[in-house]
Amino acid sequence: MTSQPTPKNILLLMTDHWRFDWLPVMGMHCLKTPHLDRLCEQGVYFDRAICNSPQCGPSRVSFTAGIYPHRLGCYGNGRGVYPARSNGFAERIPSYANRLREAGYWTGLVGKMDLCKAPLPAGGVPSELTGDARSGFPLMEELGFISSREMTAKWAGNQGDHIAHYFGDETARQRFVADYAARQGHTTTPWPLPTEMYWDTLIGRLAREDLAQQAQAAPGQPWFMQVNFQAPHMPWDAPREYLERYTGVRFPDSVEGDLEHKSPVLARLAYQWSIFEKQEHLQERSEEHTSELQSQFRISYAVFCLK
């Protein structure tokens, strides 16, 4: 009788606004990503892989449910709610974590799952998954996660909840809130607190702690750990020690006219979410100053890829 193969442990790392070509293996040699370089060298990378939606909510919902966004009715962030009876589906669609849990895996999550992008309408039907009409965020346990530390999305975390919860430092939390209010989410000034308090530093630490605890509690059980990092994502608030690693590094120039033959909607969204949208008196800024802003943005983006 043939013995069954031992199930493999699975570590799923997810980032946010990552350009497909921002990897040294794709020719972006100005970047410093030694750990990703090693993964590419020792494993497989796909140079033509495309996410299911250009917007965050539909892409995340589609990925989790295993169904294309248009079949789920998720065309934009405002409709990015996990499919369940409460939002018009015949049943709650199982996630990959549900299936892995059924197969005997311990399933864990740390970071930004972000499966709902907007509150349900006033008086709306409470979510089947939460019983909460205010947000519709699904409970991770109902989606198959035995352990979960879901964090508020980076741009929405302007009260420093993660600092208060994991560090208990009220002074640091107040510094964070003041910095976030001043930057309006779009500027490129450095992170104002110690690096260990940075979003993704904390997410990585918590993931390691949870895996170590699970290995001690059930050493023979296969595990699935999903680690959803916040970056790259505005605000562009990279820690100073990482920014300094790119001092003097030359980055490629922007692609001119890349939206000329596309829908005006894309141009409007690109401007809305750019580092310039919140800058007052943009028309009075010199070309040199605008170029400096672009340079700061690229450095911050590169740092997020590095981390």
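**Helix α7 and the sheet**

The buried residues of α7 pack against β2, β3, β4, α5 (161-167) and α6 (170-183). Buried here means under 20% relative accessible area, with exposed over 50% and partly exposed in between, using a 1.4 Å probe and protein chains only. Contact means heavy atoms within 4.5 Å. Helices are DSSP runs of H or I with at least four residues, strands are runs of E with at least two, and both are numbered from the N terminus.

Before I go on, this is a predicted model: local features need pLDDT of at least 70, side-chain atom pairs count only at pLDDT 80 or more, and totals for chains, interfaces and linings use all residues. Residues are numbered from 1 along each chain as its sequence is written, and side-chain values use heavy atoms, with hydrogens and water left out.

Which residues of α7 are buried? They are W199, D200, L202, I203, G204, L206, A207, D210, L211 and Q214. As a general point, an α-helix has 3.6 residues a turn, so residues three or four places apart point the same way. The length of α7 also agrees with expectation: its 19 residues should span 27 Å at 1.5 Å a residue, and its end C-alpha atoms are 27 Å apart. That expected span is 1.5 Å times one less than the number of residues.

Now the sheet. It is open, with 4 strands in the order β1-β4-β2-β3 and parallel pairing. Two strands pair if DSSP finds at least two bridges between them. β1 (10-14) and β3 (147-150) are at the edges with a single partner strand each, so one side of each has no neighbour in the sheet. From one strand to the next, the twist averages 10°. Helix α7 (residues 199-217) packs on this sheet, touching β2 (106-111), β3 and β4, and its direction makes about 160° with that of β2. Axes are lines fitted to C-alpha atoms, for helices over the stretch in contact, and angles run from 0 to 180 degrees between N-to-C directions.

β1 pairs with β4 (residues 223-228) in the parallel sense over 5 bridges. M14 has N228 as its bridge partner in β4.

Then the cysteines. With a disulfide taken as a pair of cysteine sulfur atoms within 2.5 Å, the count is 0. C30 is buried at 16% relative accessible area, and C40 is buried at 17%.

Last, the whole chain. It has 10 helices and 4 strands, and 41% of its 307 residues are buried.
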